[in-house]
Amino acid sequence: MDDPQIEGIIRAIRLADRAGANRIVDAWAADSSYESAVLHLLTPALETFGELWANSGGESSLAQGYVASKIAEDILAKVLEERQRSHAEAPATKGPVVIGNVQDDYHPLGRRMITAFLRFSGWEVHDLGVDVSPREFLNKAEAVGARVIGASAMMYTTAKNIQALRDEIERRGLTGRVQLAVGGAVFKLRPELVEAYGGDGTAASALNAVVLFEDLWNRSLAFTAGTAHAERP
Amino acid sequence: MTQADPPVVCIACSIFQREIQHLIQVKAWDVPCRFLGSMLHLEPARLEERLEVSLEGAHREGRRIVLAYGDCCPRMEDLGGGEAVSRTQGINCCEILLGREAYRAMRKEGAFFLLPEWAVHWKRVFKDSLGLEGINARTFMQEMHTRLVYLDTGLVPVPQAELDEIAAYSGLPLEILPTSLDHLQASLKAAITRVSGHE
């Protein structure tokens, strides 16, 4: 990574210096635009930080992850303001997707980081918060036409509730059409639980979740296209 | 429990140490206890190692085991579900003390719970381990929670100075909640019934 501004943003994240990262992006945007800053500075910085986080073996702190997500939110807000001022047309939104902590799980940070990064990447996200029942997940997914549900669970005890979410997807006949992304500390430490509890995929970090959601969205589209083809007389 | 039954030992988080020792003192609990430091919660892998060593030691002694812990590390279910082991029901120490309904209700309201041992060591938890300082600490805590709730089991003086520091650090209002040991006692008794078949 040779770009001093990108390195500066990564350094600011590692120091949990939200204001410092914003100053670097603001300086870039003053000569260019926030849209451009997202493409040339922030996205590569966050991707690099995401890799460092995923491979850190627990050395990265909660504060660093939190600040990274806040920086993404800050810059997204500036991009939206910029578009409004210039009356620029917003790029097509991806999704919608539904996100939440599973029933009995009250650890919101990872979920909120993923919401921030998904929205930053242009996804329409319906964030249901903590302690979400399978019925609430599926009611929202059906209401908005979501093809991906993201379910977060921090501990083994609450991760078991993801099975109930999988059962609800199957009960409603939505297997394949609705893909289930699962995440949380327990899945990093025990990846075998993803499949065991009916998840369709997981990501090593909140930033990697964006790639996961793209993949699962495409899987859903392929499933429904395949189903429609099979049903043709 | 008959004389022929294997003896029981309790392996507990030190977050409960004063409370369990009080129950022993008032003769509401008579199982010997071994305590592991509550700060191990910040290092789940190390906590697992220490628990495995403790459990192996107790097994070698031919004991049945009550594990007074929440779901505090990724393999806790395996450790707590082993032969001759029964863990207290509850996702964490706060639920074990408050009972499931009260815990869930307050968590949904955004309560952040503090117990005596962690209140005294708050800087080690929040600053050293989580890396939260200054404005980041305040924005994080206020985004994730609505208030601090100190669970006062009445066995030590309320650490008011430390609680005031945490309130200033987080920008959250503080509530001191008198908390009985009824739920803890019930949870321990239920665990010993499961592991021994007797109360």
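Trainee: What should be kept in mind about the numbering and the model?

Mentor: Residues are numbered from 1 along each chain as its sequence is written, and chains are lettered from A and ligands numbered from 1 in the order in which they are written. The model is predicted, so local features need pLDDT of at least 70 and side-chain atom pairs count only at pLDDT 80 or more, while totals for chains, interfaces and linings use all residues.

Trainee: What makes A:D104 buried or exposed?

Mentor: A residue is buried if 20 or more other C-beta atoms lie within 10 Å of its own, exposed if 12 or fewer, and partly exposed in between, with C-beta atoms placed from the backbone. A:D104 has 21 other C-beta atoms within 10 Å, so A:D104 is buried. A:D104 sits in the loop between β1 and α5 (109-120) of chain A, where helices (H or I, at least four residues) and strands (E, at least two) are DSSP runs numbered from the N terminus.

Trainee: Is B:K27 buried or exposed, and how do you know?

Mentor: B:K27 has 7 other C-beta atoms within 10 Å, and is therefore exposed. B:K27 belongs to the loop between α1 (17-25) and β2 (33-36) of chain B.

Trainee: What is remarked on in the phi values of A:D104 and B:K27?

Mentor: Most residues other than glycine have a negative phi, and most peptide bonds are trans. Phi of A:D104 is near 75°, positive in a residue other than glycine. B:K27, also not a glycine, has a positive phi of about 60°. As for peptide bonds, the one from A:G95 to A:P96 is cis, with omega near 15°, and A:P96 is in strand β1 of chain A.

Trainee: Why is B:P6 called partly exposed?

Mentor: B:P6 has 14 C-beta neighbours inside 10 Å, so B:P6 counts as partly exposed. B:P6 is in the segment before β1 (8-13) of chain B. Leaving out residues up to four places away in sequence, B:P6 touches B:G62, B:R63 and B:R64. B:P6 and B:E61 are 55 residues apart in sequence, and their C-alpha atoms are 9.4 Å apart in space.

Trainee: What makes β2 and β4 of chain A edge strands?

Mentor: Two strands pair if DSSP finds at least two bridges between them. The open sheet of 4 strands in chain A has the order β2-β1-β3-β4, with parallel pairing. β2 (123-127) and β4 (179-183) of chain A each have a single partner strand, so one side of each is left without a neighbour in the sheet. Neighbouring strands of this sheet are turned by 25° against each other on average, direction ignored; axes are lines fitted to C-alpha atoms, for helices over the stretch in contact, and angles run from 0 to 180 degrees between N-to-C directions.

Trainee: How do you know that β1 and β3 of chain A pair?

Mentor: Strand β1 (residues 94-101) and strand β3 (residues 148-152) of chain A run parallel and are joined by 5 bridges, against the two required. A:N101 stands opposite A:S152 in β3(A). Helix α8 (residues 161-171) of chain A lies across β3 and β4 of chain A, at about 175° to β4(A).

Trainee: What makes the buried residues of α8 (residues 134-144) of chain B lie on the same side?

Mentor: The buried residues of this helix are B:N136, B:A137, B:F140 and B:M141. They cover an arc of only 115° around the axis, which puts them on the same side of α8(B); the arc is that of the directions from the helix axis to the C-beta atoms. An α-helix has 3.6 residues a turn, so residues three or four places apart point the same way. On the other side of α8(B), B:G134 and B:I135 are exposed. The cover over the buried residues of α8(B) includes α2 (18-31) and α4 of chain A, along with β5 (111-114), α7 (122-129) and α9 (160-170) of chain B.

Technical notes: Two residues are in contact if their C-beta atoms, placed from the backbone, lie within 7 Å.
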